[in-house]
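This report examines one protein model, beginning with a pocket and then turning to selected side chains. Please keep the sequence and the structure in view while reading.

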Amino acid sequence: MTTTDPQTGFKKAAGHFASGVTIVTTRNGGHVYGITCSSFVSLSLNPLLVTVSVNSQSPFLAEVRESGYFAVSVLADQQQDVSRYFATRGRGRAEGEFPNLATESMTTGAPIVSDCLSWFDAKLHAILPGGDHKILIGEVVAAGGRDGAPLLYWAGNYRTLDMAAPVDRIEQYADAMSVQLHLIGLDSTGLLDAQLALEPAAGALAARVRSEAGLSALRASLAESRALTAEPEAFTESALRFHTVLGAASENPAIAASVQALGRSRWAHYASGTTRESMIRTIEAHEKIYRAIESGDAERTRALVTDHLTTVGVRLCHR
């Protein structure tokens, strides 16, 4: 971790905070005014309050003081051109309506960008000092939104959210969950209880799904374990991966992530108990589980996983 002078360090640190992109607008008499803003925060539910931070030198502040209201449009991932339009000096103010930009008005009359991801229409509640910025607080009188992905701003560039299928994010979810398990503490009894609640269900789902990808991954895991019986530590890692692969074979992201997170905790409890006999029993149990999944027998798979975990739990308790 490197340090630098406070101002440079602050700018760099702040620039690495990903934020959504909003357009803040108002209507003042016969003209409209808008600015691009990434410093938008939902402040309160009772009353409904939001805040935006605006440069103290911005003419927008005077416009809002006079009109008494403003609207916030949260941009969708395909609206970079809208953000750039309002970020360009001299384009914020327009007579009547913004040229070449579709907007709508709800309760206050402040323009709301059409097709934005979400919007907040607000009455001015207060303007507070904030260094070289002023903080506008608005009381929301109307709000709405639609499904879609947001436009993000990070490290000086526009970004879009990766909307890959949840299964592609399982390892990240599992890492976050494993950290929480570590913080709260998870002894061998708690671990076994969690496994017994999750893994038999994962096995049953894997048997119902019977995806070729899941079956192939389970076969590869078994082959790896068989090849490592002369290396107890490596075998333990491989055997634990079988359970992670079992969770993934369920094709349920929530179960898969939870099973994988438990795998991080399993290592600490199982690593010191691997013997030649336990390796042989583990391989035999995993092979039976695989064959039950391959045959599509969900209830047999559930029973086999339960028996296997119970046997391992008894061995742990008697070490």
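## The largest pocket

In this predicted model, 24 residues line the largest pocket, and those nearest its centre are Ile 35, Thr 36, Val 54, Asn 55 and Ser 58. The space inside the largest pocket amounts to about 690 Å³.

Which element gives the most to the lining of the largest pocket? It is β3, with five residues. At least two lining residues come from each of β3 (31-37), β5 (48-55) and α3 (80-87). Sorted by class, the lining comprises 13 polar, seven nonpolar and four charged residues.

Arg 146 is found in the loop between β11 (133-145) and β12 (151-154). Its relative accessibility is 41%, so Arg 146 counts as partly exposed, since that class lies between the limits of 20% and 50%.

When neighbours within four places in sequence are left aside, Arg 146 is in contact with Ala 76, Asp 115, Cys 116 and Leu 117. Cys 116 is 30 residues from Arg 146 in sequence, while their C-alpha atoms are 8.1 Å apart in space. A polar atom of the Arg 146 side chain lies 3.3 Å from the backbone oxygen of Cys 116.

## Salt bridges

How many salt bridges does a search of the whole structure find? The search finds seven. One of them joins the side chains of Glu 97 and Arg 27, with an N to O distance of 3.2 Å. This pair links distant parts of the chain, 70 residues apart: Glu 97 is in the loop between β7 (93-95) and β8 (103-105), and Arg 27 is in strand β2 (residues 22-28). Is Arg 27 buried or exposed? Arg 27 is buried, because its relative accessible area is 17%, and buried means under 20%. Glu 97, at 43% relative accessibility, counts as partly exposed.

Another salt bridge connects Arg 226 with Glu 287, where the closest N and O atoms are 2.8 Å apart. Arg 226 belongs to helix α6 (residues 212-226) and Glu 287 to helix α9 (residues 276-294), so the pair ties together parts that are 61 residues apart in sequence. Arg 226 is partly exposed, with a relative accessible area of 40%. Glu 212 and Arg 219 also form a salt bridge, with their closest N and O atoms 2.8 Å apart. Arg 219 is partly exposed at 35% relative accessibility. Finally, a network of salt bridges links Arg 208, Glu 299 and Arg 302.

Conventions:
Residues numbered from 1 in each chain as written. Predicted model: local features only at pLDDT ≥ 70, side-chain atom pairs only at ≥ 80, totals over all residues. Heavy atoms only, no water. 1 Å grid on protein atoms, 1.4 Å probe; cavity = no way out; pocket = protein on both sides within 12 Å on 5 of 7 lines; lining within 4 Å. Points joined across faces, edges and corners; volume = space filled by probe spheres on them. Helix = DSSP H or I, 4+ residues; strand = E, 2+ residues; numbered from the N terminus. Nonpolar A, V, L, I, M, F, W, Y, C, P; charged D, E, K, R; others polar. Buried < 20%, exposed > 50% of the residue type's maximum accessible area, 1.4 Å probe, protein only. Contact = heavy atoms within 4.5 Å. Polar contact = N/O pair within 3.5 Å; in protein donor to acceptor, adjacent residues only side chain to side chain. Salt bridge = Lys/Arg side-chain N within 4 Å of Asp/Glu carboxyl O.
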